Every structure is written in C-alpha cells, then in structure tokens.
Amino acid sequence: MDTTALLTIRELRVRAVHVPMPLPLRTSSGTIQIAPLALIDLLTEQGVTGHTYLFCYTPLVLKPVVQLLENLSPLIQGDPVAPLALERKLQGMFRLLGLKGVTGMALAGIDMAAWDAQARAQGLPLARLLGADRDRVPAYNSCGLGMIGSHDAPVEAEHLLVHGFEAIKVRLGYVEARTDVEVVWAVRRAIGERVALMADYNQILSVAEAVRRTDALQDEDLHWVEEPTLADDFSGHAQIRSQTRIPVQMGENWWGTHDMAKSLAAGASDLGMPDAMKIGGVSGWQRAAALAEAAGMPLSSHLFPEVSAHLLAATPTAHWLEYVDWANPVLRSPLRIELGQAVVSDRPGTGIEWDEDAVAQYLVD
C-alpha cells in the first residue's frame, strides 16, 4: 500500500559512531584512520523509518553535526515527508548563515533520510522511485592506496582488485614530483594495462606545480587526475585542464549545484563527481545530474556508495561509482560488488539497515 501521502515526521534519531577503517588512508591533506559517522533515522508517525549516514571526515566535526540534527528534529516534527518542501523550509532557516559546511551536511542528511522513507513507504528501491531500471553500475575501488610509497603501493593495489574490480585510485602529492611518477609507474606495473587507474591530489598543488606534475604524468595512462589544486579555484583548474591531456576530475567539493554551475561555466574539469552529502542529498543530486546531462559531462560519485549506486542508476551520464567500505561494519547488508560492478539494492529504499550490535560497539558520546 502506498502510504507516502500519509507520512509525517515524528522525530530524528541521530547517533555518532567511530568506525575503524581496515586500510587507514593517508592523503596529502592528512591521514584518516577512523570513519566518524552520524547515523540518521527519520522516524514517522506511520511506522516507516528512513535511514542514512553522514561521513564527517574528522571526529572534530561529528559532534556539531549530530547536535545540529538534534536541534532540527523538533522544528520538522509533524511535517510531511516531502523532501523538496523540507529542503525549502530548512534552507530558509539558514539563508543568512549559508548552506555549506556543517549546515549543508545536516540538511543533506535529512533529505537522504526523507527520500529513503518515501521509497520504503512505496515498497520500491530508491533507484526505481527515481525512474531507473539499472541494477548495476561500474565501480572503482577507493578503499586504500593512500600515500604509502612506491614499495608498498603495488602490493596494496593488487589487494584492491578483489571482487573483480577493474579500476582503482591512487593518492598523490608527495614532496618530490618524481615520487608521484614512481608510485604511478609501480602501481601500473603491478595491475597491468587493462585496469583503469585514477589519481587524486586532494587539492595540494599550486596551479603552476599541477601543470608541471601532470605534464610528467602524461604518459602514465591515468584515467583522470582529481582536484590537483584548490577545489574552489575553478579558473585554476581550467588552466590546468588546458595544458594536460589527462582528463581533469573534480566535484566532490561542490557545495550544491550553484557551485557546480560555476565550475561548468569556467570549464574547470572534463569530468564531475558530486558528493551526495555536499551536493544536497538526493534532491541536490538530481539537479546535478540534469546539469551534467545538459553539459554532456560524465558524472561519477564521491563516497556514500550505498545511496550513490541508486543515484547513478538514475543519472543519464553515469560514469563510475567510488567504492569505499568505511560504513560496512555498522551495516546489516553492505553494498555488494560483483565483477567490478556495484549491485543496486532491490530492497525498499537505499537498502541501508543498521547492525545494532556493531553500532553499540562503536557508539561515542
């Protein structure tokens, strides 16, 4: 029975967990050893509950995100579970403050949980609710291959090819440019020519240095080079793009589609990879997908593979899903990978359900 029209919000339940990462990720911006997650349950008066989580990058941000979501709970109590109406209401509350950072994260979490609840109420996977019929999307393994040097990187790269992955990502930005080349060469030698290899600089380079380093990597068969300079420097990325044959990828730090539109107007990248949390949840992603289709831009995802699989299934220019297993320990049924493809869950909603025993183990105040 379709109960979507009847759903009203009872409350938000939010819990903070620190989940250990199997492969700590060392990037040019620092090392991530635990996944600080805000687990969100949107409870309705009709007994349907929407689930999602936010990845907060650092434990320093986890508590403020949880607190803001708890503050918002009474303000949406009794509201219909209508994501676009909720978005308008909540954005109105924060118009003077702005919709980036912690605020944007919290609003996206509510949006994703609301869409999950709607899909569950209709008994449909989110992808089906969004009009898609794809049940698989290509995925690359992004679980490791941090900045661990040319000696250890090949071993880890081979490990990431389990489950039939045909694409992986390496992090770059070593002190010496030649080390970047050595690492890429060593990884390529280990994985062979058929595996797609992406590279991510995590914003560490100046524009001039990015031009120099991408020039040195021209012949290393990279599928893309990601965020070589500051994420909000769209003109800088456009300059880099104009001087390299390697496709330039960016988008994980687009805070909403206004950022994306500015990036597209500047010609900042060949490829886009919105982050479900930063782009504005499911609602924001749908707007991003429309912009990408109009621009003819291939669109990949950043993190949040469980919901991103559904979003990419409904994206006309879908490219790659970034697979990470960081939330797996607290999920009852983690996203399945088969022959390098993410299997879009056929359960109602996004398929996210909590393993409550694990949640209790990793719970933090």
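These are my notebook entries on a predicted model, taken one topic at a time.

**Entry 1: the cores**

I began with the largest nonpolar core, which holds 115 residues. The members that touch the most other members are Leu37, Leu54, Leu69, Ile168, Leu172, Val187 and Leu321. I then looked up which element gives the most to this core, and found helix H3, residues 101–122, with 10 residues. Another core lies apart from it and has 8 residues, among them Ala167, Trp224, Leu271 and Met273.

Leaving aside neighbours within four places in sequence, I listed its contacts, including Tyr140, Asn141, Leu145 and Ala157. Val187, Ile191 and Met198 are also among the contacts of Ile168.

**Entry 2: strand E5**

Next I took strand E5, residues 167–171. Is it enclosed or open? I noted that 5 of its 5 residues are buried, so the strand is largely enclosed by the rest of the structure. Buried here means under 20% relative accessible area.

**Entry 3: an open sheet**

I wrote down the order of an open sheet of 4 strands as E3-E2-E1-E13, with antiparallel pairing. Which strands stand at the edges? They are E3 (49–55) and E13 (363–364); each has a single partner strand, so one side of each is left without a neighbour in the sheet. Strand E1, residues 9–27, pairs with E13 over 2 bridges in the antiparallel sense. I found Val17 opposite Leu363 in E13.

I turned to helix H6 (residues 177–191) and helix H7 (residues 207–216). Their axes are 10 Å apart, and the helices pack at an angle of about 35°. I recorded the crossing of H6 and H7 as right-handed. On the H6 side I listed Ala177, Asp180 and Val181, which meet Glu209, Arg212, Arg213 and Ala216 in H7. By type, the residues of this contact are 3 nonpolar, no polar and 4 charged.

In helix H8, residues 234–242, I noted the buried residues as Phe234, Gly236, His237, Ala238 and Ile240. The buried residues of H8 pack against H7, strand E8 (248–250) and helix H9 (257–266).

**Entry 4: Ala288**

I found Ala288 in helix H11, residues 281–295. Its relative accessible area is 0%, so I count Ala288 as buried. Not counting residues up to four places away in sequence, Ala288 touches Thr257, Met260, Pro274, Ile279 and Leu299.

Most residues other than glycine have a negative phi. I noted two residues with a positive value.

Tyr57 is not a glycine, yet its phi is positive, about 70°. I placed Tyr57 in the loop between E3 and helix H1 (59–76). Its relative accessibility is 30%, so Tyr57 counts as partly exposed.

Asp221 has a positive phi near 60° and is likewise a residue other than glycine. I placed Asp221 in the loop between H7 and strand E7 (224–226). With a relative accessible area of 47%, Asp221 is partly exposed.

Note on methods: Residues are numbered from 1 along each chain as its sequence is written. This is a predicted model: local features need pLDDT of at least 70, side-chain atom pairs count only at pLDDT 80 or more; totals for chains, interfaces and linings use all residues. Side-chain values use heavy atoms; hydrogens and water are left out. A nonpolar core is a set of buried Ala, Val, Leu, Ile, Met, Phe, Trp, Tyr and Cys residues joined through side-chain atoms within 4.5 Å. Buried means under 20% relative accessible area, exposed over 50%, partly exposed in between (1.4 Å probe, protein chains only). Contact means heavy atoms within 4.5 Å. Axes are lines fitted to C-alpha atoms, for helices over the stretch in contact, and angles run from 0 to 180 degrees between N-to-C directions. A crossing is left-handed if the near helix is turned anticlockwise from the far one by less than a right angle, and right-handed if clockwise. Ala, Val, Leu, Ile, Met, Phe, Trp, Tyr, Cys and Pro count as nonpolar, Asp, Glu, Lys and Arg as charged, and the others, Gly among them, as polar. Two strands pair if DSSP finds at least two bridges between them.
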